[in-house]
Structure formats: structure tokens, C-alpha cells
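Hi everyone, thanks for coming. Please take a look at the sequence and the model on the screen, and then I'll walk you through a few spots in it.

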Amino acid sequence: MTLNETIQRFAESELCCMGIAHNTLALLREKDGISVWQIKSENNSYVMKCFDKPEHRREILNYQVLINLDVPTLKVIAHTDYSIVLSDIEQSEYRLGTAEDMNDPKIAKLLATWYKTLHENGRKYTGIHLLYDECDFLTLENIFKIKENTKTDDLHVWEVIEENFNMLKSSVMKLPRTLTYNDFYYTNLAVARDNSSALLYDYNLLGKGYVYSDIRNVCSSIGEDAKTAFLSAYGELSKQEKDIDDVVSPLINLHFACQHDNFPSWAMESLEQVKDGRLLKAVLDLLENM
């Protein structure tokens with residue numbers, strides 16, 4: 001039996017468990033143990049995600065968490081412990097996001113509304129410790145791996161970070177926690193066809209964190225006019241969170257980059273911050289203001 005036949009048999013068994021009848025079941029994509037399917041019946045079209053790895057199944061719970069917190073999501077049709085069936089965006093009141101949306105101030109304002117709701121309502125879940133938290137990857141062991149893999153171990157910034165690591169880690173862990181999306185890009189965006197709202201889907205990296213990490217994540221991916229509109233619509237941000245994020249963000253980016261066999265282009269800016277002294281300055285500024 002081929003891999004595709006195996007995962008299709010599993011997908012069909014999951015649909016049977018959920019009591020969803022269908023005429024066709026088509027594999028849209030499969031990567032890293034996550035298969036995405038389009039399901040068509042007489043009158044409806046759905047999308048199903050099946051999760052082979054236990055760590056990816058948290059997305060099923062994350063949908064339920066957001067629904068309970070009144071954070072807009074795609075409609076959940078049904079789920080098991082291993083799979084979730086969602087409304088098909090192309091057959092719903094939403095459309096798929098496009099690259100052009102990243103430069104649209106109106107879309108940016110809609111995004112700010114969704115993020116504001118996520119962050120304000122998500123504070124209710126700050127006491128849940130099982131949620132994914134990117135700051136858990138901020139460890140001395142990972143710092144050692146970063147400087148070794150990037151061949152920058154001779155730079156002074158690492159000595160400063162290692163000598164003050166406990167203080168730096170404490171500063172970030174003391175920040176107020178809320179739910180954070182952590183994975184912004186237009187490929188995860190859905191926009192209402194009447195342009196009344198927007199939302200993000202795919203919640204595998206949803207977790208707890210500090211607000212500014214999400215804000216930076218969005219602003220680094222959208223145009224200048226859209227960025228201005230997003231920040232204006234979102235409202236006041238914490239300078240303390242920004243100062244801490246200036247240190248933490250490149251370290252987290254480099255940690256994930258070093259998991260790849262070939263260093264990814266999306267982490268080159270963080271590597272440059274290490275090499276040109278910007279990270280060192282951010283660390284020293286943060287230590288001075290503690």
C-alpha cells in the first residue's frame with residue numbers, strides 16, 4: 001500500500017467516525033504528517049485536516065479555545081482527536097487572502113480588529129501552561145547551538161547574553177501573557193467578501209506570548225501604508241515589550257532557522273543583527289533600563 005493510499009484510508013475512516021457522507025475526497029496537500037483534504041457532497045464542500053503527529057493535534061483544541069473566547073474563526077463542522085473538518089473558504093462568506101492584501105490599509109484595519117480581539121480575550125487563558133510558547137526555546141543550550149551553527153561564536157554579543165542570560169530570560173517571562181497567533185502571512189488570511197471583517201486560520205503555532213511579538217510579526221510582512229493603518233487601528237503598545245522583543249525576536253528566529261539543513265532566507269535579517277552589532281546594542285540597552 002502506498003503512502004497516499006494509507007493516508008486516504010485514514011481520512012475516510014475519520015469521516016466515517018464524524019458521520020460525514022461525501023461524494024469525493026481529494027488530497028490538496030500533505031507535509032510533515034499533516035494532510036489537507038477537500039470533501040464534496042451533494043450540496044456542500046468542506047476542508048479536512050488530519051494530523052499524524054500528536055504535537056500538531058493541538059490545532060484541534062485551539063479552534064475550540066478561540067470559539068469559546070468569541071474570537072472569529074472558520075466554521076468548525078466536526079472533529080475527532082486526530083482530524084478537524086472546516087468550512088471551505090471558497091464556498092463561504094470569506095475569500096482567500098492575496099499578496100495584494102498585504103498592502104491594503106483597509107485590510108490592515110480589519111486585521112488589527114481580529115488581533116485586538118485575540119489578545120484581549122486571550123488573557124483569560126494565560127494560566128494554561130500546556131500552550132505553545134516560543135519563549136520556551138530561549139535557553140542557554142539553544143544559544144550555544146545558534147552561535148555554533150551560524151559560525152559567530154567569536155562575537156562579543158554572545159558573551160554578554162550568556163553572562164546576563166538569567167536576567168534576560170526573567171524579563172521576558174515576566175511580561176503579561178495572552179494568546180498569540182505567531183504565524184502571520186497572507187496564505188493564512190481570510191477576508192469577508194463584503195470587506196466587513198478578516199480573520200486568520202491555521203492555528204498550529206497559536207500559543208501564549210506577549211502582544212508585541214504578534215504586532216512585529218504582522219508589521220514585518222505588510223506595506224508601509226498598511227502598517228500605519230494597522231498600528232493606528234490596534235492602539236497603544238508597550239515600549240517595554242518592544243525593547244524586550246528587540247532582543248528575543250532575533251534569537252527565536254535564529255533558533256528555528258538552525259533547525260534547517262540550509263539556512264533559510266527569512267532568518268537572514270536576524271543573522272545580520274548579530275553580525276552588525278544591532279543585537280548587542282539591543283541587549284545593552286535592555287540591561288541598562290532594567
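Let's begin in helix H4, residues 140-149, where Lys 145 and Glu 141 sit four residues apart, about one turn of the helix. Helices here are DSSP runs of H or I with at least four residues, strands are runs of E with at least two, and both are numbered from the N terminus. Lys 145 and Glu 141 form a salt bridge, with their closest N and O atoms 3.5 Å apart. By salt bridge I mean a side-chain nitrogen of Lys or Arg within 4 Å of a carboxyl oxygen of Asp or Glu. Glu 141 is exposed at 51% relative accessible area, while Lys 145 is partly exposed at 43%. For those words, buried is under 20% relative accessible area, exposed is over 50%, and partly exposed is in between, using a 1.4 Å probe and protein chains only.

Before I go on, a word on the source: this is a predicted model, so local features need pLDDT of at least 70 and side-chain atom pairs count only at pLDDT 80 or more, while totals for chains, interfaces and linings use all residues. Residues are numbered from 1 along each chain as its sequence is written, and side-chain values use heavy atoms, leaving out hydrogens and water.

How many salt bridges does a search of the whole structure find? The search gives 13. One of them pairs Glu 59 with Lys 49, with the closest N and O atoms 3.1 Å apart. Glu 59 belongs to helix H2 and Lys 49 to strand S3, so this pair ties together parts that are ten residues apart in sequence. Are these two buried or exposed? Glu 59 is buried at 0% relative accessibility, and Lys 49 is buried at 7%. Salt bridges with shared partners also join Lys 49, Glu 59 and Asp 202 into one network.

Another salt bridge links the side chains of Asp 32 and Lys 53, at 2.5 Å from N to O. Asp 32 is in the loop between strands S1 (24-31) and S2 (34-40), and Lys 53 is in the loop between strand S3 (45-51) and H2, so the pair ties together parts 21 residues apart in sequence. Asp 32 is partly exposed at 44%, and Lys 53 is partly exposed at 28%.

Next, the helix packing. Two packed helices are described by the angle between their axes and the distance between the axes. Helix H6 (residues 165-173) and helix H11 (residues 278-288) pack at about 75°, with axes 11 Å apart. The axes are lines fitted to C-alpha atoms, for helices over the stretch in contact, and angles run from 0 to 180 degrees between N-to-C directions. H6 and H11 are therefore roughly perpendicular, a label for 65 to 115 degrees; under 35 is roughly parallel, over 145 roughly antiparallel, and the rest oblique.

Now the cysteines. The structure holds zero disulfides, a disulfide being a pair of cysteine sulfur atoms within 2.5 Å.

Last, find Asp 70, which has a positive phi of about 60° although it is not a glycine. Asp 70 lies in the loop between helix H2 (58-68) and strand S4 (76-79), and it is exposed at 62%.
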